[in-house]
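Hello,

Here is the structure I promised to pass on to you. Please open it and keep it beside this email as you read.

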Amino acid sequence: MKFSLFFSIFASPWGNVPLFASNPHTQHLPVSHAATISNGVNLRILPLGDSITYGIGSSDGNGYRLALQNMLSGNNIQYVGSQHSGSMANNSNEGHNGAVISQIAQFAYLSLKQLPNVILLMAGTNDMNIPTDPNTASDRLGSLIDELVIAVPDAVVLVAQLIPSMTKSTETNIENFNAAIGGIVAVRANAKKKVLLVDMSKAVTTSDLADGLHPNDEGYIKMATAWYNAIQQASLNGWISPPQAVSTISSRTTCPGPVQWISRGLVAGGVGGGDTLELFFADINGDGKSDYLVLDAKGETKAWFNGGLDTDGSSIKWNSVGEIASGVGKDRSTIRFADLNGDGLDDYLTVDPTTGAVAMWQNGGGFDSAGLYKWTSIGIIASGVGIGAGVFFADMDGDGKDDYVWLDANGAAYLWLNGGTGKDGKWIWTPKGKIATGVGAVREDIRLADIDGDGKADYLWVDQTTGATKMWRNGGVGSDGNWIWTPQGEIATGVGAVGSLVRFADLGGTGRADYLTIVPNSLGVRQWLNGCGTGSGVVTVTYVSVTVSVSTAAGTGNSMTSDPTATITGNNMSINPTTTLAENNMPAGATSQAIDSGTSTTSAASTASGTAKSGAEGLRGFRVENMVLLVFVVAVAM
């Protein structure tokens, strides 16, 4: 009678379609289950959540995913996600240790572009356990569900209630949260959204926990059974359709008008040491936001992960994770960070100063059990085409992989498109010749960054004295084989910082690069958020003494053309993936190795709560784990 009462309360506008999967506790399935779902439709499944989704607590690291895959053996299963965990081959997921609902909402966008047709959402455990505003967590979950439905309207979103905890206060929060989830799901289902509730709280008991919060192997099998029952119910509802071709839909929204810069003031107080350290920005953890990195002279790297907006929506958290790489014996000037394999994680690269040859350590996306960040040595992936100072990495064709760009002294750009690894294991580079003749600026004044959010890096000229910036929009290759550049004129007048202190990086996770200036001694960071816009492009900033005016006029006398047949002397770029640097004692092909990281000064991350690693050294003037950014009020003149 319990479930019949539930169905009478949450009546479905879909007719007799249930909004709740049948009780998984009474239907414990064997690990191998050969029934087909929806006549054998292909299932592109996005497991989305925190450390439980990642598989913490399971002996093989697979969590529920391998058992569920076996239960769905009658269908072709492809898991998607930027994370990879467990011994199974098909181990992609979007599970992030320690993530709360607001962070999971940001992580989701790393994988939604892969257009899953089934999403397994379990979020809120860390909100309940830390705790982080548990009383309003159901509202955040509802917003996350809405984002998923909007992004992939054809997908089925299966929303799990949380499994129990052995900690009394956490369990009280979980019980209250679970009681609210049913109504959250019912509202969406009543609006004819493909959203289904999964009562995971009855599938797993406290006897199925490995550490009081994460399931053990038996608990994960029970979770797999619950997910299977929910997928079967969604199939019976007629909700599961074949996954769409990823190439048919773009996940990016291009900014239609002139750039509007919104001042957020000082967003990082800095760690000091500007006389010996250098500041880099790179997306190390794959959440779509650039992180704060400082490198010493030999490439030793410490990181503060960009935690995005805090739960109050008006601050940014910077999480110190300490040393992530001790370097490989190369000078800091040779270090680059770029995503070469398109997994959303920036890799660690060294560029030979004479030849431009590139060695790569692939980013493994997290810390190992010893607390060392995971890097895999790939060896030399490009033999180079010229001096290292001219080597840039940027995604020029919008395929998600950074390409090899060489700029000559006068800013002319030569391009080799990144084709990833071939069947023989060698990296593929396709030469496109000279794609830009330059605009009269020297190489040191050029930046390559995606300003309009179309996925392709634009060509920017930053004035040495004022920091004023002109832009040429990257239109990709035209029908005649020439690269298309559209002049946008001056997009920023500068804010009083010299050009060498200007950076472009996406701190907000918008897909558009923000205008940043570096405070030299402290390595502090000031941000002008790239707000996009359709108005005049003039931004009036309250409480900040600068006004950034954006000109909409196209530049004159700066026409830029391409010559795809032009080559650089000696540009026959090849690779040898088996070659390693003499200073690197990590063999190529090794898995989950650190860049000789040694002993970190940070404490080990808690696997029970997923608490971020806290370093002994915080960004000055801010909390170490949660560095608060005060957002200035702005008025935009339209």
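Below is what was found in it, from the whole chain down to single residues.

First, a word on the ground rules. This is a predicted model, in which local features need pLDDT of at least 70 and side-chain atom pairs count only at pLDDT 80 or more, while totals for chains, interfaces and linings use all residues. Residues are numbered from 1 along each chain as its sequence is written, and side-chain values use heavy atoms, with hydrogens and water left out.

**The chain as a whole**

The protein chain has nine helices and 30 strands. Helices (H or I, at least four residues) and strands (E, at least two) are DSSP runs, numbered from the N terminus. Of its 638 residues, 56% count as buried. Here buried means under 20% relative accessible area, exposed means over 50%, and partly exposed lies in between (1.4 Å probe, protein chains only).

The protein chain exposes about 24300 Å², and carbon and sulfur atoms supply 52% of that area. Accessible areas come from the Shrake-Rupley method with a 1.4 Å probe, and for residues only the protein chains shown count as cover. Among contacts with a separation of 6 or more, 65% are between residues 24 or more positions apart; a contact means heavy atoms within 4.5 Å.

Two strands pair if DSSP finds at least two bridges between them.

Five of the six residues of E26 are buried. E26 pairs with strand E27 (residues 524-530) in the antiparallel sense over five bridges, and four bridges join E26 to E25, also antiparallel. E26 and E27 form a hairpin with four residues between them.

Which residues does Thr517 stand opposite in these pairings? Thr517 in E26 faces Val502, and its bridge partner in E27 is Arg526. Leu516 has Gln527 as its bridge partner in E27. Thr517 is buried, with a relative accessible area of 5%. Leaving aside neighbours within four places in sequence, the contacts of Thr517 are Val495, Ala497, Leu501, Val502, Gly524, Val525, Arg526 and Trp528. Trp528 is 11 residues away from Thr517 along the chain, and their C-alpha atoms are separated by 8.7 Å.

**Backbone details**

Most residues other than glycine have a negative phi, and most peptide bonds are trans. Against that background, a few places deserve a look.

- Leu523, in the loop between E26 and E27, has a positive phi near 65°. Leu523 counts as buried, at 4% relative accessibility.
- Ser38 also has a positive phi, of about 50°, although it is not a glycine. Ser38 sits in the loop between helix H1 (2-9) and strand E1 (43-49) and is partly exposed, with a relative accessible area of 21%.
- A cis peptide bond joins Ile130 and Pro131, with omega about -15°. Pro131 is in the loop between helix H5 (125-129) and helix H6 (137-151).

**An enclosed helix and the cavities**

Helix H4 (residues 101-108) is largely enclosed by the rest of the structure, because six of its eight residues are buried. Those buried residues are Ile101, Gln103, Ile104, Ala105, Phe107 and Ala108.

Finally, the structure holds two cavities of 30 Å³ or more. On a 1 Å grid over the protein atoms alone, a cavity is a set of points where a 1.4 Å probe fits but cannot get out, and lining residues have an atom within 4 Å of a point. Grid points are joined across faces, edges and corners, and a volume is the space filled by probe spheres set on the points. About 50 Å³ of space lies in the largest cavity. Its lining is made up of Leu115, Pro116, Asn117, Val152, Asp154, Ala155, Ser241, Pro242, Pro243 and Gln244.

Conventions
1 Å grid on protein atoms, 1.4 Å probe; cavity = no way out; pocket = protein on both sides within 12 Å on 5 of 7 lines; lining within 4 Å.
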